[in-house]
Amino acid sequence: MVFWIATIIFLVSFGLIVSEIVDKTKVALIGASLMMILKIVTQHEAFYDKHFAIDYNVIFLLIGMMIIVNILSKTGLFQFLAIKSAKLAKGKPFLILIFITCITAALSAILDNVTTVLLLVPVSLFLADELEVDPFPFLLSEIMASNIGGTATLIGDPPNIMIASKIHLTFMDFICHMAPAVLFIFGFFILTIRILFGKKLQVNEAVRQKIFAIDEFSLIKNYSLLKKSLVVLGLVMLGFVFHGAFHYEPATIALLGAAILFIISKEDPHHVLRELEWPTLFFFIGLFIIVGGVVKVGLISYLSSGMISLTNPTADNMFITAITTLWFSAICSAIVDNIPFVASMIPLVTDTAHAILPSGADFKSVVQHSTLMPVWWSLALGACLGGNGSPVGASANVITLGLANKAGCPISFKKFIVYAVPITVESIIISTLYIWLR
């Protein structure tokens, strides 16, 4: 009975989010409240249990980076970068789009994709406004590029970190096996956005000349604050790269950076905190609890177990299992957050390995068996790339759409998936070919 109640709450909540009849933050909070009121997820589990609770690392990472970006925005840096980029691209919107998309993918491979979009979305919104073009192509491309780029490395996306930690993979393992796939996927993605948006992003000569007439250096409002903010941001980025070596979560690094910048900038915390994306943060909190409920009742495990049993894996051949895992992961990660999904899949794949591979070997030899490795890479590719499939599929998606809505450029669920689903399917087809070839 509890299984079906939790499933109904999840499906109704997701349906309302998709339909946009009710604000998504309200839906998430109501769904989360029902999960707790009905004790499908207890209050303790919702707030403290590592398996079902709110992922505070994500929440406080967002808060820390939002504070830093908010203070940084007061310097005029984003406007400067926007005009500088436009001039380098000779005022041609599509060249600017390619430029920003490549930067997004590269940064997402070495930072988390949330930080990347928080830094670059304000630049894109300002650019679109100055060029008098629709910001949607810029925002969609940044979301897609952030999730694709984050797939390439161990530190680029949480599912990769989780898989690497469980089966003892190294940074270079991901570079060797995931980065080549990402390069192919990103190359086809650039061709795709050229087809989708190449003819739509056109400006007349008068607008281009207006861009060239702007002195980008005059847009910097506070050089002292800019220097302080860039130093703090640089140290935070460095902390993200090496956080694993010092056993700190990214949220700790971001909060420390925000606290230091508050002190040295002398900004009023009331003003800065008032401008944070609180609806987006509470949407995440509610969504984590709703997803935690369906994970707890076993919906995700039930679907995952069925998927593995249908593929009938053997010690000699797991190709069908790998491909099924890829597509199943992509579909699920477009619907639910990929973190709890991967958390439920890892033990299932591990148990399958112990059941069909030779017994008596140590744990590492079993989970890193040559026959099993394509399944792990499939899980990573599907979970990371599948996040592009819907507005709620990945944190970067939710953040970008929240910033767009705040800027007066709302993007509907329907409009997003019309473009996002084909791009996601394309990337998974390329991943399928890559796994088959490897």
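1. Let's start with the aromatic pairs. This is a predicted model, and 12 aromatic pairs turn up in the structure. In one of them, Phe3 and Trp4 have ring centres 5.2 Å apart; their planes stand at 90°, so the pair is edge-to-face. The two partners are worth a look for accessibility as well: Phe3 is partly exposed, with a relative accessibility of 24%, whereas Trp4 reaches 56% and counts as exposed. There is also an aromatic cluster, made up of Phe10, Phe14 and Phe413.

2. The model holds 2 cavities of 30 Å³ or more, and the volume of the largest cavity is about 50 Å³. Its lining consists of Phe10, Ser13, Phe14, Ile17, Leu287, Ile290 and Ile335. Helices α1 (2-19) and α16 (278-296) each provide at least two of the lining residues, and α1 has the largest share, with 4 residues.

3. Now for the interior. In soluble globular proteins, nonpolar side chains tend to be buried together. Here the largest nonpolar core has 155 residues, and the members that touch the most others are Met65, Ile163, Phe341, Trp376 and Ile399. Helix α4 is the element that gives the most to this core, with 12 residues. Which residues does Met65 touch, not counting those up to four places away in sequence? They are Thr115, Leu118, Leu233, Val236, Phe240 and Ala254.

4. Is Ile100 buried or exposed? Its relative accessible area is 5%, which is under the 20% limit, so Ile100 counts as buried. Leaving aside neighbours within four places in sequence, the contacts of Ile100 are Leu120, Ser124, Leu127 and Glu142. A further C-alpha distance can be checked here: Ile100 and Phe138 are 38 residues apart in sequence, and 8.1 Å separates their C-alpha atoms in space.

5. Finally, two backbone angles to check. Lys39 has a phi near 60°, a positive value in a residue other than glycine. Where does Lys39 lie? Its place is the loop between α2 (24-37) and α3 (43-47), and at 65% relative accessibility Lys39 is exposed. Lys266 likewise has a positive phi near 60°. This lysine belongs to the loop between α14 (250-265) and α15 (269-274). With a relative accessibility of 74%, Lys266 is over the 50% limit and therefore counts as exposed.

Note on methods:
Residues are numbered from 1 along each chain as its sequence is written. This is a predicted model: local features need pLDDT of at least 70, side-chain atom pairs count only at pLDDT 80 or more; totals for chains, interfaces and linings use all residues. Side-chain values use heavy atoms; hydrogens and water are left out. A nonpolar core is a set of buried Ala, Val, Leu, Ile, Met, Phe, Trp, Tyr and Cys residues joined through side-chain atoms within 4.5 Å. Buried means under 20% relative accessible area, exposed over 50%, partly exposed in between (1.4 Å probe, protein chains only). Contact means heavy atoms within 4.5 Å. Rings of Phe, Tyr and Trp (its six-membered ring) pair if their centres lie within 6.5 Å; planes under 30 degrees apart count as stacked, over 60 as edge-to-face and the rest as tilted. On a 1 Å grid over the protein atoms alone, a cavity is a set of points where a 1.4 Å probe fits but cannot get out, and a pocket is an open set with protein on both sides within 12 Å along at least five of seven lines; lining residues have an atom within 4 Å of a point. Grid points are joined across faces, edges and corners, and a volume is the space filled by probe spheres set on the points.
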